[in-house]
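Please take a look at the structure below before reading on. The paragraphs that follow lead through its parts one after another.

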Amino acid sequence: MATMKEIAQICGVSRGTVDRVINRRGKVRPETERMILQAVERMGYTKSMLGRALSVKRSQPVIGVVMCSEGNPFFDDVYAGLARAEEELLPYGVTVERRAMRGYDVDRQLALIDELAPSLSALVLQPVNDPRVEARVKQLKARGVPTVTVNTDLPASSRCCYVGSDYESGGATAAALLELITQGRGRVGVVAGAPTLMGHVARLRGFRKRLARCSELPVVAVENSLDDPARAYAVTRDMLRSHPEIDAMFVVTAGCEGVCRALISAGRAGEIRVVGYDDVPATREMMRLGIVRAVVCQQPFEQGYRSLRAAFDMVLSGEMMDDCRIIMENQIKLPENLSPAPGNGPFQD
């Protein structure tokens with residue numbers, strides 16, 4: 001009999017989509033459903049699929065989730081996506097164990113992974129970029145426990161799948177937006193995120209590479225906020241004092257509200273053109289006030305939903321993915337197309 005992976009490959013869809021059709025849960029386009037059912041009938045897949053699903057249910061799998069999410073409203077939508085996927089997995093007897101941490105302390109992340117490790121069937125991880133975290137992911141894989149990295153990647157860890165955006169492309173997109181907004185002239189200050197997150201580093205790298213094409217729009221200062229709004233306020237305040245010539249800013253990650261509050265306090269709100277990241281409540285308010293001119297978004301709901309579904313696909317199939325990458329499309333939001341509420345539901349094949 002065919003495997004779920006073979007059915008998915010033949011139909012050109014994900015294994016999660018095959019699962020939704022077989023078990024009649026979740027929305028799938030009618031034409032996709034017909035194609036999968038025809039393949040199932042042709043290849044005699046139904047019995048093996050249901051047998052594996054029953055086996056998984058009896059084993060009561062545990063999927064761990066470890067996020068650096070405390071204090072960062074971006075992750076509200078990520079958790080909404082996780083919750084949607086978790087609801088779909090209830091019939092399989094899946095337990096999802098979540099752990100959250102504030103900041104990017106390596107020892108804290110290792111402790112959370114170790115707390116979950118004895119009972120894990122799979123792990124969804126927003127990883128700190130550190131060799132010790134890489135080693136722990138490799139150890140889990142050697143035990144037969146796959147890891148899906150979400151939001152930021154750690155490819156040297158031999159993780160099975162990454163779900164998130166192309167950060168370098170996102171940084172380049174932000175640079176192109178800033179060039180349009182400033183008409184290619186100005187002095188740029190950058191409030192970055194955490195140097196221990198590969199995604200933040202790649203986003204800044206993409207921004208710098210793209211902006212280097214524009215000789216009259218140099219970056220004159222870069223400071224790290226560590227995703228802390230209070231720190232973002234302080235470094236922006238000090239940056240403006242040291243570099244009063246700054247008239248454009250890029251906020252690499254969380255902390256946009258702190259940056260904007262500093263601009264307001266300095267009496268330069270609206271004068272300094274700001275491009276940021278993510279459609280979260282504080283950023284939407286700053287866009288409505290005319291301080292933030294544009295943001296680049298990375299579909300957090302989809303990141304949460306797809307990461308948990310990818311982890312479960314491996315539990316269900318009994319097969320580990322090999323360097324799979326599920327990349328979110330960069331989306332541009334302007335004041336004119338702000339969404340009234342985050343989370344538009346999961347992508348459907």
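**Around a buried phenylalanine**

F250 has a relative accessibility of 0% and therefore counts as buried, a word used here for under 20% relative accessible area, with exposed meaning over 50% and partly exposed anything in between (1.4 Å probe, protein chains only). The model is a predicted one, in which local features need pLDDT of at least 70 and side-chain atom pairs count only at pLDDT 80 or more, while totals for chains, interfaces and linings use all residues. Residues are numbered from 1 along each chain as its sequence is written, and side-chain values use heavy atoms, with hydrogens and water left out.

A search of the whole structure finds 4 aromatic pairs, where rings of Phe, Tyr and Trp (its six-membered ring) pair if their centres lie within 6.5 Å, planes under 30 degrees apart being called stacked, over 60 edge-to-face and the rest tilted. One of them is the stacked pair of F207 and F250, at 4.2 Å centre to centre and with 20° between the planes. Because F207 lies in helix α9 (residues 198-211) and F250 in strand β8, this pair ties together parts that are 43 residues apart in sequence; helices (H or I, at least four residues) and strands (E, at least two) are DSSP runs, numbered from the N terminus. F207 is likewise buried, at 0% relative accessibility, and F207, F250 and Y277 form one aromatic cluster. Over the face of Y277 lies R203, at 3.4 Å from the ring centre, a charge being placed over a ring if NZ of Lys or CZ of Arg is within 6 Å of the ring centre and within 35 degrees of the ring normal.

Strand β8 also belongs to an open sheet of 6 strands with mixed pairing, in the order β7-β6-β8-β9-β10-β12, where two strands pair if DSSP finds at least two bridges between them. At its edges are β7 (219-224) and β12 (331-333), each of which pairs on one side only, and the twist averages 15° from one strand to the next. Within this sheet, β6 (residues 188-192) and β8 (residues 248-251) run parallel and are joined by 4 bridges, with G189 opposite M249 in β8. Helix α8 (residues 167-182) lies across β6, β8, β9 (273-277), β10 (292-297) and β12, running at about 160° to β9; axes are lines fitted to C-alpha atoms, for helices over the stretch in contact, and angles run from 0 to 180 degrees between N-to-C directions. Helix α12 (residues 281-288) packs on the sheet as well, touching β9, β10 and β12, where contact means heavy atoms within 4.5 Å.

Another set of paired strands involves β1. Strand β1 (residues 62-67) pairs with β2 (residues 95-100) in the parallel sense over 6 bridges, and among the facing residues are G64 opposite E97 and V62 opposite T95. The chain passes from β1 through helix α5 (residues 74-89) to β2 in a right-handed β-α-β crossover, meaning that, with the strands pointing away from the viewer, the path from the first strand over the helix to the second runs clockwise. Strand β1 is also joined by 4 bridges to β3 (residues 122-125), with which it runs parallel, and V65 stands opposite V124 in β3. Since 6 of the 6 residues of β1 are buried, this strand is largely enclosed by the rest of the structure.
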